[in-house]
Structure formats: structure tokens, C-alpha cells
Amino acid sequence: MRLRHCLLASALCLPVFTAHATQPALTATTEATGLPRAPEQEAVTFERAELSFKVDPARKHLAGDAVLTFRIDKPLSMLVVDLDRNYTVDLVEVDDKPARWQNPEGRMRVELPQPLAAGAQTRLRIRYAGQPHVAKRAPWDGGFVWATAPTGEPWIASAVQGEGCDLFWPCIDHPLAEPLEVVQHITVPSPLVAAGNGIAEGMDERDGWRTYHWRAKSPNTYAIALNIGPYEVLEGEYRSRHGNVIPLRYWHLKGNRAKAEALFAEFTPMLAFFEETVGPYPFADEKMGVVETPHLGMEHQTINAYGNDYRKDENGYDWLLQHEFAHEWFGNQLTNKGWDDMWLHEGFGTYMQPLYLQWLRGDMEYFAGLMKQRVTLANKYPIVSGSAKSEKEVYDGKRGPGLDIYYKGSWILHTLRGLIGDAAFFAATRELVYGRPDPAPGNFKPRYGTTQDFIDAVNRNTGGDYRWFFDVYLRSAKLPQLLATHEGGTLRLRWKTEGDKPFPMSVQVRVGDKVVDVPMTGGQGRIEVSDGVSYTLDPHSKLLRDLPQIEAFQKDKQERAAAGKDTGTRPGQ
């Protein structure tokens with residue numbers, strides 16, 4: 001999550017750190033993440049990445065030593081990985097033997113000593129060092145954040161969703177290239193702490209340096225992270241409804257203990273909500289982990305970045321903590337097969353905030369949260385284009401759907417839930433996330449998914465065919481319009497869609513003191529409404545549709561902003 005949607009928080013979102021030093025420009029290959037994989041990258045299974053990092057805050061320097069294990073799925077004479085070419089590479093070996101290599105554009109090609117057949121296994125070692133790309137405005141722009149904690153110590157974090165894992169370790173920079181296992185050895189100056197992904201496997205201290213050892217299973221490529229600072233840790237356990245015990249960990253800065261304890265108290269109700277609503281926490285055998293960071297936040301698997309400064313919103317909870325935690329299900333357990341399906345991460349991840357408020361407090365806060373989301377929709381590009389996209393093409397609202405993958409995605413899910421009912425909606429969601437209808441601890445693994453997978457799950461769990469629903473909401477830019485004419489005691493309704501796509505969405509109408517369901521076969525329907533009797537379309541706000549008053553509000557707001565006038569926006573909008 002790039003967290004551009006922080007505009008909905010009750011306080012302004014400002015970058016914590018800005019880089020002023022000139023740094024080499026990234027190549028097009030390194031700057032973009034999710035580009036089509038090279039044939040050699042598609043021909044391997046990434047079995048293991050053992051990553052040794054030495055981080056020197058005084059020089060803003062990173063030394064890396066990566067040992068990558070691949071299983072060969074198709075005959076191969078060369079390995080290809082992605083790595084920022086700004087690093088100096090002083091050793092490249094294949095199976096402990098020096099190898100010929102080149103890295104002109106950030107896509108490193110390494111010749112194998114001899115061709116390998118399908119089924120073989122090989123190890124690639126790359127040793128490199130240099131100054132990693134600095135994030136100018138993390139997490140919106142990727143790279144390293146070199147900050148200073150309030151107590152004076154170095155405070156460092158990586159955030160690379162936008163540009164990709166190759167900013168600091170040699171990887172295959174594509175959602176489909178998660179390593180099955182990642183082991184990290186993170187060396188930092190004493191007494192700094194390095195909080196990492198997965199399970200802690202100890203710490204060694206020698207000559208003024210500490211090395212922390214971490215092991216994680218199948219982390220999302222951009223979810224592998226470095227988090228270094230003068231941390232203290234809060235520890236606890238959560239006894240799950242599924243019978244297992246989940247370790248809870250929160251690494252916070254020194255001096256923040258009281259605020260940290262209040263945030264830590266939110267872990268258990270959030271876990272209870274997700275496990276009841278979606279299913280078992282996917283990484284219960286590792287931990288639910290959060291770390292305080294010098295940027296707003298990111299869904300780093302089992303070590304979610306948190307930088308919201310302990311601000312609760314008007315609903316009395318920390319929306320950022322909840323959103324990032326949602327990505328453990330929608331992003332880390334379920335990973336989109338390509339960036340064009342990123343709404344599966346962000347739409348579901350964003351819908352979890354109003355859904356949590358409904359679970360926690362009731363319908364009023366659910367609909368209030370949805371309304372804040374509704375006024376942001378741009379509707380300029382389809383959420384799903386049907387073609388391969390880079391991360392930037394999706395997130396940039398001038399070239400793609402941008403924030404609509406969050407808020408429009410959330411509203412699409414709200415509308416779908418109202419259409420097919422809770423039982424089918426949550427059953428389809430579980431099937432998407434876990435690949436099975438009966439998830440339980442130990443009987444599922446992280447998986448990849450697509451929009452079509454979700455459509456298929458919806459159809460299986462309803463016994464219907466809802467392709468029309470997704471064609472209009474996901475594959476069209478404009479929202480459907482509900483046209484109504486009242487004449488001669490009859491209210492006639494008609495859906496108008498982009499490209500005149502079929503849209504037989506039934507509509508509820510309040511007529512006097514009754515609510516009537518109006519079938520819309522062929523996109524049209526009618527109901528008797530006597531003259532002088534009041535009526536309301538969609539009285540329970542179940543439908544995502546074009547609303548002229550919201551479009552007028554957005555236009556006025558844009559014009560006022562362009563003129564430098566006060567937009568009259570209330571906190572939270």
C-alpha cells in the first residue's frame with residue numbers, strides 16, 4: 001500500500017524525511033516494478049534467499065551478500081535477477097564458482113557454467129555494496145529512509161513497493177516471484193535493534209556490531225524490509241478462535257512506551273475481527289508484528305511498518321494499523337498475479353476499515369466510513385484494464401485508476417455484499433484468500449490470485465453468473481447511472497452504463513413507508529408510485545452509482561483549490 005489515501009485521516013500526512021542530496025537516477029528497469037519477467041526468470045522457482053546486510057548509518061551505506069537458490073523448471077543456460085546497478089558488485093558465483101555477468105540496465109544476467117536441465121537446483125551468490133536509493137517521500141517514493149530518532153539515534157527503514165525489491169537486494173521483481181523462504185542476517189551498530197520478517201533466530205554481538213537473524217516463509221517481494229532503530233519491544237500472545245496461539249510483537253521507539261501500550265491493545269480486537277470475518281491469521285506460526293517507522297506505513301509481512309504517530313481518528317481507533325494489518329490477508333497471504341489486479345490488495349484492504357467499524361460499533365460508523373470514501377472517486381480509468389501494468393501505471397491517477405483501487409474497490413465490495421448476501425460474499429472472499437472453503441491453521445499456504453479467480457469464486461458460491469457486475473464496475477471507468485422518471489403514477493427506472501453494457505442490478509425504492517425491491521431485467525424496471533407519494537431510490541445506500549451531487553461537490557472543490565480558496569473541507573475529508 002502506497003498510502004496516498006492518508007488524505008482521509010484526521011490529520012495531514014506529511015513526509016517525515018526528505019532527501020536533499022543528489023543521487024543517481026534509477027534506470028527504467030529498476031524504477032518500475034512488476035515489468036514482464038524475462039524468459040529466464042519465468043523458467044525457475046525461487047526456493048530460497050539468504051540475505052546478509054550490513055547497514056552503516058554514518059555513511060548511509062549498505063553492504064549485501066545474497067545467496068539465491070533456484071529450482072530449474074525449464075532448460076536454462078543463464079540466470080537473470082534484478083538489482084539496482086548503482087551498487088558495486090565485487091563477487092558473482094554460481095555454485096561456488098566465479099561466473100560471467102553483466103548488469104547494464106538493472107537486470108543482471110549471469111551465465112551458467114553449463115546448461116541446466118529441468119529439475120536441477122543451482123545457487124547464485126552476489127556480493128555488492130554502495131549507497132541505496134534514498135526515498136524522497138516514503139512510502140510514496142521507494143528507497144531507504146535515513147532518519148534520526150527523537151532520542152538522537154539512527155532510525156532507518158526501507159519502503160520499496162513502488163520501485164521494487166531490487167532497490168536493495170537481488171530479486172525477481174515481480175509479484176509472481178516470491179521466494180519460498182527468506183533468511184536475513186542484519187548487521188547494525190550496537191545497541192541498535194533490527195526488527196525483521198518472520199521468526200527471530202537470535203542475535204550475535206561483536207566488535208561494536210549486532211547481527212540479527214530472521215527467517216520468513218513466502219514473503220511478498222516488496223514486503224521484505226529493513227527496520228533499524230533504538231527499539232524496545234512489547235510482547236504478548238493471542239489465543240485464536242481456531243485453537244492456536246499467535247505471538248504478538250510491537251517494536252517502538254524509546255520514550256513512547258505509554259502510547260505504544262495503547263496501540264498494542266488494539267492488536268487483539270483486530271485479530272478477532274479478521275479471524276471471525278475472513279479466516280485464520282495466515283502467519284500465526286511466525287508472529288503478528290508491527291514496527292514504528294520514520295514513514296507512514298507499509299504492509300511488510302509479519303513486520304508491518306507503522307508511522308501514524310499514534311493518532312486515532314474520529315472513530316477512536318488507529319485506521320492505519322488496521323489497514324496495514326488487513327494486507328496480511330489481502331497482499332501477503334493472497335498476492336495478485338500482476339499489478340493490474342492490485343485492487344484485490346487495496347480494495348479489500350480498504351473495505352476492511354468500514355467493515356471493522358460495523359463489527360466494532362455498528363451501522364452508523366460503517367456508512368460514515370463509506371461516505372468518506374465515496375467522495376474521493378475519480379472514475380477516469382477502469383480499475384482492471386485487462387493488460388499487464390507496472391505498479392506506477394496503476395497507482396498514478398493520471399495514467400491509471402490511482403486511488404480508485406482503494407475506495408472504488410471498497411465500494412464495489414460493499415455493493416457486491418448487498419447484492420449476494422453475507423454468506424456468499426464472505427465464502428467467496430475466503431476462497432479467494434485461502435484457495436479453499438474451510439481454512440484452518442496448517443491447511444493452506446500463501447497463494448496468488450486474479451480478478452477472474454474472485455469472479456469464479458462469487459459464481460460458485462452463489463450458483464449465478466455475475467460477470468455483468470464486474471464488467472460494469474471493474475472494467476468500465478464511469479459509474480452506472482440510475483435514471484428515473486415519474487409520470488402518471490408510474491416510476492420508471494433505467495440503468496445507463498458505459499458502452500451500454502448489460503446491468504440487471506435490482507433497485508430498492510422507498511415508497512411512502514414501505515421499501516420495495518424492483519427487478520431490473522434488461523436494465524429497466526417500473527413501480528407504481530401514486531402522485532403525491534414520496535419515494536427514495538436506494539434508501540439503504542446499497543448501490544455504487546453515479547450521484548450528481550457528489551460530482552458537483554468534487555468539481556467545486558477542485559475549482560476552489562485551483563483558485564487558492566478555502567475548500568471548506570472538514571477534517572477527515
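Q: In this predicted model, does lysine 496 count as buried, partly exposed or exposed?
A: Lysine 496 is found in strand β24, residues 490–496. Buried means under 20% relative accessible area, and exposed means over 50%. Lysine 496 has 42% relative accessibility, so the residue counts as partly exposed.

Q: Which residues is lysine 496 in contact with, leaving aside its neighbours within four places in sequence?
A: The chain brings leucine 482 and lysine 496 to a C-alpha separation of 6.4 Å, though they are 14 residues apart along the chain. With neighbours within four places set aside, the contacts of lysine 496 are Pro480, Gln481 and Leu483.

Q: Are α6 and α7 roughly parallel or roughly antiparallel to each other?
A: Helix α6 covers residues 343–360 and helix α7 covers residues 363–374. Their axes lie 6 Å apart, at an angle of about 155°. Angles over 145 degrees count as roughly antiparallel. The pair is therefore roughly antiparallel.

Q: How do the residues of the contact of α6 with α7 divide into nonpolar, polar and charged?
A: The crossing of α6 and α7 is right-handed. On the α6 side, the contact uses Thr350, Tyr351, Pro354, Leu355, Leu357 and Gln358. On the α7 side, it uses Asp363, Glu365, Tyr366, Leu370 and Gln373. The division is six nonpolar, three polar and two charged.

Q: How do the residues of the contact of α6 with α9 divide?
A: Helix α9 spans residues 404–420, and its axis comes within 7 Å of that of α6, crossing at roughly 65°. Residues of α6 including Trp343, Phe348 and Leu355 meet residues of α9 including Ile405, Leu413 and Arg417. The contact divides into nine nonpolar, six polar and two charged.

Q: Which glycine takes a positive phi just after α10?
A: Helix α10 ends at residue 434. The phi just after the helix is about 80°. The residue is glycine 435.

Q: Which glycine follows α13 with a positive phi?
A: Helix α13, residues 548–562, has 15 residues. Its reach from first C-alpha to last is 21 Å, close to the 21 Å expected. The phi of the glycine is near 75°, and the residue is glycine 564.

How values were computed
Residues numbered from 1 in each chain as written. Predicted model: local features only at pLDDT ≥ 70, side-chain atom pairs only at ≥ 80, totals over all residues. Heavy atoms only, no water. Axes fitted to C-alpha atoms, helices over the stretch in contact; angles between N-to-C directions. Helix = DSSP H or I, 4+ residues; strand = E, 2+ residues; numbered from the N terminus. Parallel < 35°, antiparallel > 145°, perpendicular 65-115°, else oblique. Left-handed = near helix turned anticlockwise from the far one by under 90°. Contact = heavy atoms within 4.5 Å. Nonpolar A, V, L, I, M, F, W, Y, C, P; charged D, E, K, R; others polar. Expected span 1.5 Å × (residues − 1). Buried < 20%, exposed > 50% of the residue type's maximum accessible area, 1.4 Å probe, protein only.
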